[in-house]
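Look through the sequence and structure before reading on.

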Amino acid sequence: MDLFAKIVWTLGRNLPADRVRGDTLTDIGQLLKADYVASYIWDDARSTSTRCLAHNIDTSLLDRYDCQLESIDFITPTMRKQQGAAAVDEVIERRTLETSEFYNTFLAPAGMHHGINIYFFDNHRDVGDLRIWRDKSAPPFGIRELSLLNALKIYFETALTQDAALQDILTRREQEVVSHLRHGLSDKQIARELGVGFTTIRSHLNSAMHKLDCANRTELALKLTHG
């Protein structure tokens with residue numbers, strides 16, 4: 001219960017979407033007694049998984065997934081159609097999974113055998129997911145894990161939705177700048193963090209303020225924090 005409460009607390013901190021996903025991966029793994037956890041955001045326009053964050057998964061395999069193996073990933077499109085958390089074994093026959101090219105070139109080499117997925121949406125827009133796996137020696141996921149993920153679903157969707165909306169309004173660089181602003185950094189500190197000039201930061205902030213209809217930097221920070 002303490003770990004569940006910690007995750008809910010993290011999700012309520014008004015963090016940027018990637019921080020929300022990244023800061024909860026390890027705790028999700030511990031809560032579900034999982035060996036491997038990954039999180040992506042699905043890009044409908046390109047029909048691809050993007051912005052990977054992962055816990056305890058070999059980075060070389062993740063890079064290979066991005067460059068080569070996603071095209072043979074039949075699990076993600078199938079699991080995205082489920083309502084709420086779902087165990088892979090309940091949706092895809094085990095024999096079909098283990099004889100697939102994707103299992104043998106990505107999942108098995110990574111150590112991933114028993115899976116459970118959940119996808120988070122703002123209406124019909126994918127705002128993030130959790131792809132959670134156990135080693136072959138561990139038991140399959142059960143009712144406990146499904147119930148915990150489903151109980152967390154509303155907290156994840158609430159935490160991730162605001163940043164999803166900002167992605168439609170702000171450029172990638174503007175999102176980076178306002179993310180640092182949200183964490184209390186001054187314009188000069190943001191410039192140092194991003195390795196650009198002070199005037200460039202001011203330009204991005206002015207553009208973000210105009211797009212979000214904010215009169216000044218303080219109003220922008222408040223809007224980003226409280227929505």
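## Helices α9 and α10

In this predicted model, the axes of helix α9 (residues 172–182) and helix α10 (residues 187–194) come within 10 Å and cross at roughly 130°. An axis is a line fitted to C-alpha atoms over the stretch in contact, and angles run from 0 to 180 degrees between N-to-C directions. The angle makes α9 oblique to α10, oblique being what is left after under 35 degrees (roughly parallel), over 145 (roughly antiparallel) and 65 to 115 (roughly perpendicular).

On the α9 side, the contact (heavy atoms within 4.5 Å) is made by Arg173, Glu176, Val177, His180 and Leu181, and on the α10 side by Ile190, Glu193 and Leu194. Four of the residues in this contact are nonpolar, one is polar and three are charged.

## The whole chain

The protein chain has 12 helices and five strands; helices are DSSP runs of H or I with at least four residues, and strands are runs of E with at least two. Its C-alpha trace spans about 60 × 40 × 30 Å along the principal axes.

Buried residues (under 20% relative accessible area, with a 1.4 Å probe) make up 47% of the 227 residues. Of the contacts between residues at least 6 apart in sequence, 58% join residues at least 24 apart.

## Basis

Residues are numbered from 1 along each chain as its sequence is written. Local features need pLDDT of at least 70, side-chain atom pairs count only at pLDDT 80 or more, and totals for chains, interfaces and linings use all residues, while side-chain values use heavy atoms, without hydrogens and water.

Methods:
Nonpolar A, V, L, I, M, F, W, Y, C, P; charged D, E, K, R; others polar. Buried < 20%, exposed > 50% of the residue type's maximum accessible area, 1.4 Å probe, protein only.
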